[in-house]
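I want to go through one structure and jot down what I look up.

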Amino acid sequence: LIAVVATLCDREVLDYQTIIIGIVLGSLIGAVMATKVQMTAMPQLVALFNGLGGGASVLVAFASLATETESLITNVAIVCSGLIGAVTFCGSLIAFGKLQELNFLRKPVRFSGQQVVNLLLAAATLLLGLLVLGYPQDMTYFSIFLISASVLGITLVIPIGGADMPVVIALLNSYSGLA
């Protein structure tokens, strides 16, 4: 918290009043959730928070690519963050739905050739990432890349049953941190 606040103030991204409002608002939301969410629903909450972290990474990647496209190293980091963030966001939403036992996600979704489809989708997503690196100023390529990565996040999690969700959430948590 101290490092984030110091960076925001040093770079003049936000002023002290905005930071204090954000801290108070976040604390209020956290306090309400701490009193309302039952312990048995904690895995769903963790899945949701992982998803929000991944979604934030996608938004940061999108904003970064829109403003900084001069360094290849920066662009590689942006593409990686967008890929991991989109997979985490969509995969975590599916994990949340499975843990919440939503009707359409109650059972694992499997189909013939699913692993091949996932492999081809992953390869297409990586190729789209290379296209983004080649044309970083074209946000259309990045948008298609993010859509492909999001579908990949869904297809990676839908075949997994509810009993294995804690493992999936742990993996998505590590993705969120990496992104």
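My entries follow, starting with the ground rules.

**Ground rules.** I'm working on a predicted model, where local features need pLDDT of at least 70 and side-chain atom pairs count only at pLDDT 80 or more, while totals for chains, interfaces and linings use all residues. Residues are numbered from 1 along each chain as its sequence is written, and side-chain values use heavy atoms, with hydrogens and water left out.

**Thr-125.** I found Thr-125 in helix H5, residues 114-134 (helices are DSSP runs of H or I, at least four residues, numbered from the N terminus). Buried or exposed? Thr-125 counts as buried because its relative accessibility is 1%; the cut-off for buried is under 20% relative accessible area, with a 1.4 Å probe and protein chains only. Next I listed its contacts (heavy atoms within 4.5 Å). Setting aside residues up to four places away in sequence, Thr-125 touches Leu-83, Phe-145, Ser-148 and Ala-149. A polar atom of the Thr-125 side chain also sits 2.7 Å from the backbone oxygen of Leu-121.

**Largest nonpolar core.** I then looked up the cores (buried Ala, Val, Leu, Ile, Met, Phe, Trp, Tyr and Cys residues joined through side-chain atoms within 4.5 Å). The largest has 15 residues, and Phe-145 and Val-132 are among those with the most contacts inside it. Helix H3 (42-67), helix H4 (72-99), H5 and helix H6 (139-157) each give two or more residues to this core. Which element gives the largest share? H6 does, with five residues. For Val-132 I noted contacts with Leu-65, Val-79, Tyr-141, Phe-142 and Phe-145, not counting residues up to four places away in sequence. Another core, of eleven residues, lies apart from the largest one and includes Ile-94, Leu-99, Ile-158 and Met-165.

**Ser-176.** I placed Ser-176 in helix H7, residues 165-178. Ser-176 is buried because its relative accessible area is 16%. Leaving aside neighbours within four places in sequence, I see Ser-176 in contact with Asn-50, Gly-53, Gly-54 and Thr-88.

**Pocket.** Last, I asked which residues line the largest pocket. They are Gly-22, Leu-25, Gly-26 and Ile-29.

Methods. On a 1 Å grid over the protein atoms alone, a cavity is a set of points where a 1.4 Å probe fits but cannot get out, and a pocket is an open set with protein on both sides within 12 Å along at least five of seven lines; lining residues have an atom within 4 Å of a point. Buried means under 20% relative accessible area, exposed over 50%, partly exposed in between (1.4 Å probe, protein chains only). A polar contact is a pair of N or O atoms within 3.5 Å; within protein, one must be able to donate a hydrogen and the other to accept it, and residues adjacent in sequence count only if both atoms are side-chain atoms.
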